[in-house]
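Take a look at the protein below. This report walks through a few of its contacts, pairings and backbone details.

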Amino acid sequence: MPLEPSRPPRRFLVPALATLVLVALILAIAARLAPWELAVGNLVLRSQQGIGMEFPAPASGELVEAERREAPVEAAVPGPLNVILMIGDGMGVGQVSTASAILRGPAGALVMESAPVTALMRTHAGNHLVTDSAASSTAMATGFKAPKKAISVLSDGRVPVTLFEAARAAGVATGLVTTSGLVDATPAGFTAHEVKREHYAEILDDMLASDSEVLLGGDWSDFPKALRNEAFQQRIAGIDTLAEAAGYEVARDLAGLTAARGPVLGWFPPRGGHGDAHGPALAETTMLAVERLAATGTGFLLLVESEVTDSTGHDNDIASLVAGIAELDAALAAILDWAAPRGDTLVLVTADHDTGGVGIVDGAYEESLAEVRWATTGHTAQWVPLFAFGPGAEEFSGVIDNTEIGVRIAELLGIPGFPGIRP
């Protein structure tokens with residue numbers, strides 16, 4: 001009589017199934033509490049945590065037409081006299097499209113969306129597909145790719161000329177505004193040369209020697225890496241003396257900034273709350289910088305950065321991210337209100353890289369609730385958007401590399417000697 005195939009005893013199947021159910025339940029609960037990642041060799045398992053966010057939903061079947069902002073008037077001069085470069089740190093296409101839908105509904109209508117010229121920008125570093133702010137800022141500020149963490153210093157040790165240095169040599173006024181610490185990587189790329197972005201004390205020295213009319217940013221009094229940097233702490237303790245020796249007045253709030261008469265160093269405390277932001281609202285500090293630089297009469301180059309769009313991406317904090325993009329967009333609106341009647345100012349809005357890889361994955365109109373998911377808490381290699389307004393905007397279209405930003409700005413402003421290497 002043939003033997004029947006052996007079967008595993010039922011008493012083993014029940015515990016095995018129970019174990020699988022328990023593991024699945026634990027993973028499901030863990031995914032709801034916080035994202036997780038499990039790597040086994042080349043296999044990576046990652047939870048996807050959905051986040052619900054309300055958005056303005058149109059009525060069913062309604063044809064939605066977004067309100068559009070009028071583009072700036074035609075240029076009164078062949079090229080721009082002034083250039084304002086706005087950088088939403090970490091602000092990838094996913095961040096903009098997600099914030100646009102949550103703030104305005106599916107038809108959007110952020111101010112930046114009204115740009116007459118748009119582009120997509122590659123952001124890779126000199127040694128890595130996924131950049132950091134230091135390498136990306138260096139690329140935009142010098143026209144050269146640099147390794148991650150480097151501040152306008154190349155991998156072979158050469159020191160390229162920054163756009164700010166070339167502008168000052170050509171008699172163009174320069175300034176920067178950031179919600180981050182003043183010596184953070186993005187503003188540092190335009191005003192300093194250091195092999196490591198963590199050389200905060202040396203970066204501050206470089207900035208004070210940059211001959212920029214306006215330097216506005218945070219004092220980083222609560223940033224852990226800055227608190228552990230003894231040399232930087234010594235600079236902080238004597239900031240008033242250092243600034244005065246370099247020809248700057250120190251302003252710690254909006255009133256002090258308004259009262260300053262000469263070159264000004266904005267040394268702002270943290271705002272509190274989320275987003276690693278310092279100082280007054282970005283629109284306020286930006287317009288004070290614009291008016292001060294415009295008063296020079298020489299033409300100017302201004303860098304404006306929001307750090308909120310990056311820090312909230314690292315934290316996967318969608319509500320604070322949306323608020324950060326709204327603040328950046330409000331600053332852009334103020335700039336365009338000033339620039340449009342003049343017709344002599346090119347305004348660019350872009351990012352140094354994408355942070356978080358965020359996107360909307362669900363959003364039924366009847367519920368007015370968008371489900372948002374993140375790919376990572378770090379940076380990604382995704383392309384970032386670029387929005388261009390005013391004279392010279394047509395030079396920023398298509399798919400471009402971040403090294404082209406500074407080069408094209410210099411050409412439009414007629415700045416010689418850029419790109420170049422310092423002797």
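Helix α6 (residues 200–208) and helix α8 (residues 230–237) cross at roughly 45°, and their axes come within 7 Å. On the α6 side, the contact uses Tyr-200, Ala-201, Leu-204 and Asp-205. On the α8 side, Ala-231, Phe-232 and Arg-235 take part. By class, this contact of α6 with α8 has 5 nonpolar residues, 2 charged residues and no polar ones. Keep in mind that this is a predicted model.

The axes of helix α2 (residues 93–104) and α13 cross at roughly 90° and come within 9 Å. Here α2 is roughly perpendicular to α13. From α2, the residues in the contact are Gln-95, Val-96, Thr-98, Ala-99, Ile-102 and Leu-103. They meet Ile-318, Leu-321, Val-322, Ile-325 and Ala-326 of α13. The contact of α2 with α13 divides into 9 nonpolar and 2 polar residues, with no charged ones.

Now step back to the whole chain. The protein chain has 14 helices and 17 strands. How much of the chain is made up of buried residues? Buried residues are 49% of the 423 residues. The accessible surface of the chain comes to about 18,800 Å². Carbon and sulfur atoms hold 56% of that surface. Take the contacts with a separation of 6 or more: residues 24 or more positions apart account for 72% of them.

**Charged pairs**

Side chains of opposite charge can pair when their charged atoms come close. A salt bridge here needs a side-chain nitrogen of Lys or Arg within 4 Å of a carboxyl oxygen of Asp or Glu. By this rule the count comes to 13 salt bridges. Three of them are listed here.

| Salt bridge | N to O distance |
|---|---|
| Arg-158 and Asp-156 | 2.8 Å |
| Arg-271 and Glu-327 | 2.6 Å |
| Glu-371 and Arg-373 | 3.1 Å |

Look at the pair of Arg-271 and Glu-327, whose closest N and O atoms are 2.6 Å apart. Arg-271 lies in the loop between β9 (264–268) and α11 (282–294), and Glu-327 lies in helix α13 (residues 318–339), so the pair ties together parts that are 56 residues apart in sequence. Glu-327 is buried, with a relative accessible area of 15%.

The pair of Glu-371 and Arg-373 also meets through its side chains. Glu-371 counts as partly exposed at 23% relative accessibility. Arg-373 counts as partly exposed too, at 29%. Arg-158, which pairs with Asp-156, is partly exposed with a relative accessible area of 41%.

Salt bridges can also join into a network. Asp-132, Asp-184 and Arg-197 are linked in this way.

**Around helix α3**

Ala-135 sits in helix α3 (residues 133–142). Its relative accessible area is 2%, so Ala-135 is buried. Which residues does Ala-135 touch, leaving out those up to four places away in sequence? They are Ala-125, Ala-146, Pro-147, Lys-148 and Ala-150. Pro-147 is 12 residues from Ala-135 in sequence, yet their C-alpha atoms are 5.8 Å apart in space.

The loop between α3 and α4 (163–169) holds Lys-149. The phi angle of Lys-149 is near 80°, a positive value in a residue other than glycine. Lys-149 counts as partly exposed at 33% relative accessibility.

Ser-152 lies in the loop between α3 and α4 as well. Phi of Ser-152 is also positive, near 50°, and this residue is not glycine either. Is Ser-152 buried or exposed? Ser-152 is buried, with a relative accessible area of 0%.

**A cis bond**

One more backbone detail remains. Phe-418 and Pro-419 are joined by a cis peptide bond, with omega at about 0°. Pro-419 is found in the segment after α14 (403–413).

Methods: Residues numbered from 1 in each chain as written. Predicted model: local features only at pLDDT ≥ 70, side-chain atom pairs only at ≥ 80, totals over all residues. Heavy atoms only, no water. Buried < 20%, exposed > 50% of the residue type's maximum accessible area, 1.4 Å probe, protein only. Helix = DSSP H or I, 4+ residues; strand = E, 2+ residues; numbered from the N terminus. Contact = heavy atoms within 4.5 Å. Areas by Shrake-Rupley, 256 points an atom, 1.4 Å probe, with all protein chains shown as cover. Axes fitted to C-alpha atoms, helices over the stretch in contact; angles between N-to-C directions. Nonpolar A, V, L, I, M, F, W, Y, C, P; charged D, E, K, R; others polar. Parallel < 35°, antiparallel > 145°, perpendicular 65-115°, else oblique.
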